[in-house]
Amino acid sequence: MSKFKEKDVLLKIRDLKIEGYSDETWVPIIKGVDLTLHRGEVLGLIGESGAGKSTIGAAAMGYARDGTRISDGSIEFDGMELTTASESERRALRGSRIAYVAQSAAASFNPAHKIIDQHTEAPVHYRLRKRMEAQEDAMELYERLRLPNPTEIGFRYPHQVSGGQLQRAMTAMAMSCRPDLIIFDEPTTALDVTTQIEVLAAIRDIVNQFNTAAIYITHDLAVVAQMADTIKVLLRGEEVEEAATAEMLERPKEDYTKSLWAVRSFQRPQKSRPTDGSKPIISVKNVDAAYTGGPKILDDVSFDIHAGMTVAVVGESGSGKSTTARVITGLLPPSKGEVLFKGDPLPKKYTDRNRDQLRQAQMIYQMADTALNPKVRISEIIGRPAQFYSGLSGQALKQRVDELLDLIELDPARFYSRFPPELSGGQKQRIGIARALAAEPSFIICDEVTSALDQLVAEGILKLLDRLQRELGLAYMFITHDLATVRSIADEVVVMQRGKVVEQGPKDEMFTPPHHPYTDLLLSSVPEMDPNWLTTLLEERGVDNIGEAADV
């Protein structure tokens with residue numbers, strides 16, 4: 001029997017139909033979905049990329065994204081029918097009674113304004129609080145969300161805090177008007193596992209304390225198990241099934257749901273270093289590095305990456321993973337140590353490297369949305385590096401772009417002339433891979449390349465990278481916070497904490513106890529498909545010792 005009563009219904013959606021404009025016609029995206037949400041209830045929306053999760057989340061605010069329209073159905077919020085309400089009535093709800101927490105806090109905050117100025121904007125605008133009262137309330141929320149220095153952190157700019165801290169600050173901002181409903185759209189996807197625990201615990205606490213209803217959108221089944229009272233599974237704009245969380249985890253009814261539960265089956269055999277005496281493709285030797293005028297970020301970092309092998313570099317936010325990548329590519333010159341390519345030192349600055357040295361090390365970025373220029377055609381995105389490094393033009397360049405599209409399993413006839421916004425998340429990431437391959441490198445840095453993708457699409461990307469490695473003999477440095485990805489694709493693992501390498505070795509050894517205490521912390525922080533996992537973990541660690549991540 002449900003703990004929620006019918007009179008507690010806050011949001012009722014019936015037969016929702018949403019269309020998107022494509023190729024000069026309207027096509028169905030959401031095909032008649034029903035949804036009922038009670039006060040204080042958390043509903044988890046899950047499904048693969050393109051299932052319609054975020055589109056439904058936006059519709060719950062009476063909002064249709066550009067290029068879409070609500071074509072039929074009812075959206076009733078606390079007795080108000082949003083499909084017939086005026087735009088000014090709907091706008092009055094957003095930010096005050098309905099709040100939205102986006103996937104990327106870094107992209108959601110204005111970098112030119114302090115966090116607290118952005119926090120206080122809504123309560124002041126809606127005349128709920130005067131500015132000083134709103135500031136004091138912000139500090140109280142920061143404390144509830146366990147942000148460090150709650151009376152001071154709001155006076156920093158967004159770039160001056162970690163990703164986990166910024167995500168919690170965005171949750172606090174969503175709570176500033178004490179809304180009845182919050183839509184969380186993949187709020188922990190880009191966070192490392194220890195930081196994720198901080199954010200999940202904070203979100204759950206704030207929802208419970210204020211009896212706030214929430215729609216929690218995610219592709220991570222283990223995460224939704226910790227957060228939701230009820231789970232709704234979507235596929236291509238249609239509901240597959242809905243049930244209480246514990247029941248859904250134990251007894252999924254539909255084959256599609258069972259397939260979601262079974263993903264991440266891919267795991268390739270671990271490879272060993274070559275025994276022919278060949279030198280590593282990349283050697284990082286005793287590297288120290290810091291940003292201008294700042295403290296040391298990297299401290300005596302050393303590891304090797306051999307041809308045809310994948311080295312996963314793991315650690316929480318701020319551990320130095322991406323900074324190491326910047327040193328390798330020459331974007332950040334080290335203050336001590338050096339980077340070797342096949343035994344020969346690389347110039348510290350990329351501006352001092354010749355074209356062949358630049359070609360050898362390429363990057364695939366975490367957020368394909370921001371890594372690809374939305375106004376440039378796919379043919380040009382892939383063609384530019386082929387033109388720059390290989391001097392191709394005309395028909396030879398077109399042929400090379402077609403070859404690269406074939407290589408990443410996208411049909412050249414369909415994708416050559418398209419723009420990035422016309423592609424799915426997985427397709428965009430494949431274009432990022434093709435752009436890196438266009439330079440014909442021997443080494444590729446994969447920076448969190450699957451973290452923003454649902455599990456089915458991520459598995460496809462991992463299989464693609466594995467095939468390309470076998471066919472082209474590529475070496476990979478895989479920066480990731482997802483230990484399931486490490487298990488799938490890595491040969492060796494380097495664990496970093498606060499700019500130092502604390503442990504490294506073959507993957508099988510790294511996942512076998514005993515571990516370094518920090519490695520043990522990372523491994524124990526991976527969510528499990530158990531609704532009680534987060535509660536149990538918090539009890540074991542204590543509120544003030546959830547993880548060493550966010551407050552460092």
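Proline 514 sits in the loop that runs between α20 (507-510) and α21 (517-524). The model is a predicted one, and in it the peptide bond from proline 513 to proline 514 is cis, with omega near 0°. Aspartate 15 is a residue other than glycine, yet its phi is positive, near 50°. Most residues other than glycine have a negative phi, and most peptide bonds are trans.

The chain is divided into two parts, domain 1 (6-263) and domain 2 (282-512). Taken over C-alpha atoms, the centres of domain 1 and domain 2 are separated by 31 Å. In the contact, domain 1 takes part with 19 residues and domain 2 with 15 residues. The size of an interface is often given as the accessible area lost when the parts come together. Between domain 1 and domain 2 the buried area is about 1300 Å², and carbon and sulfur atoms give 56% of that area. The count of salt bridges between domain 1 and domain 2 is zero.

The empty spaces come next. Rolling a probe the size of a water molecule over the atoms shows where empty space is left. Consider the second largest pocket, which holds about 710 Å³ of space. Its lining is made up of 35 residues, and those that lie nearest the centre of the pocket are Asp220, Gln455, Asp482, Ala484 and Val526. Two or more lining residues come from each of the elements α7 (193-209), α8 (221-227), α10 (255-261), α18 (455-472) and α19 (483-489). Of the elements, α19 gives the most to this lining, with four residues. By class, the lining of the second largest pocket has 17 nonpolar, 11 polar and seven charged residues. Domain 1 (6-263) and domain 2 (282-512) each supply at least three residues to the lining of this pocket.

How many cavities of 30 Å³ or more does the structure hold? There are six of them. The second largest cavity has about 50 Å³ of space. Its lining residues are Gly47, Glu48, His219, Leu221, Leu260, Asp454, Gln455 and Leu456. The lining of the second largest cavity divides into three nonpolar, three polar and two charged residues.

The largest cavity has a volume of about 70 Å³. The residues that line the largest cavity are Val314, Leu483, Val493, Val495, Met510, Phe511, Thr519, Leu522 and Leu523. At least two residues of this lining come from each of β19 (492-497) and α21. It is α21 that gives the most to the lining of the largest cavity, with three residues. The loop with proline 514 runs up to this helix, α21 (517-524). The lining of the largest cavity has eight nonpolar residues, one polar residue and no charged residues.

Notes: Residues are numbered from 1 along each chain as its sequence is written. This is a predicted model: local features need pLDDT of at least 70, side-chain atom pairs count only at pLDDT 80 or more; totals for chains, interfaces and linings use all residues. Side-chain values use heavy atoms; hydrogens and water are left out. On a 1 Å grid over the protein atoms alone, a cavity is a set of points where a 1.4 Å probe fits but cannot get out, and a pocket is an open set with protein on both sides within 12 Å along at least five of seven lines; lining residues have an atom within 4 Å of a point. Grid points are joined across faces, edges and corners, and a volume is the space filled by probe spheres set on the points. Ala, Val, Leu, Ile, Met, Phe, Trp, Tyr, Cys and Pro count as nonpolar, Asp, Glu, Lys and Arg as charged, and the others, Gly among them, as polar. Domain bounds come from an automatic or database domain assignment. Contact means heavy atoms within 4.5 Å. Buried area is the accessible area (1.4 Å probe) that two parts lose on being put together, summed over both. A salt bridge is a side-chain nitrogen of Lys or Arg within 4 Å of a carboxyl oxygen of Asp or Glu.
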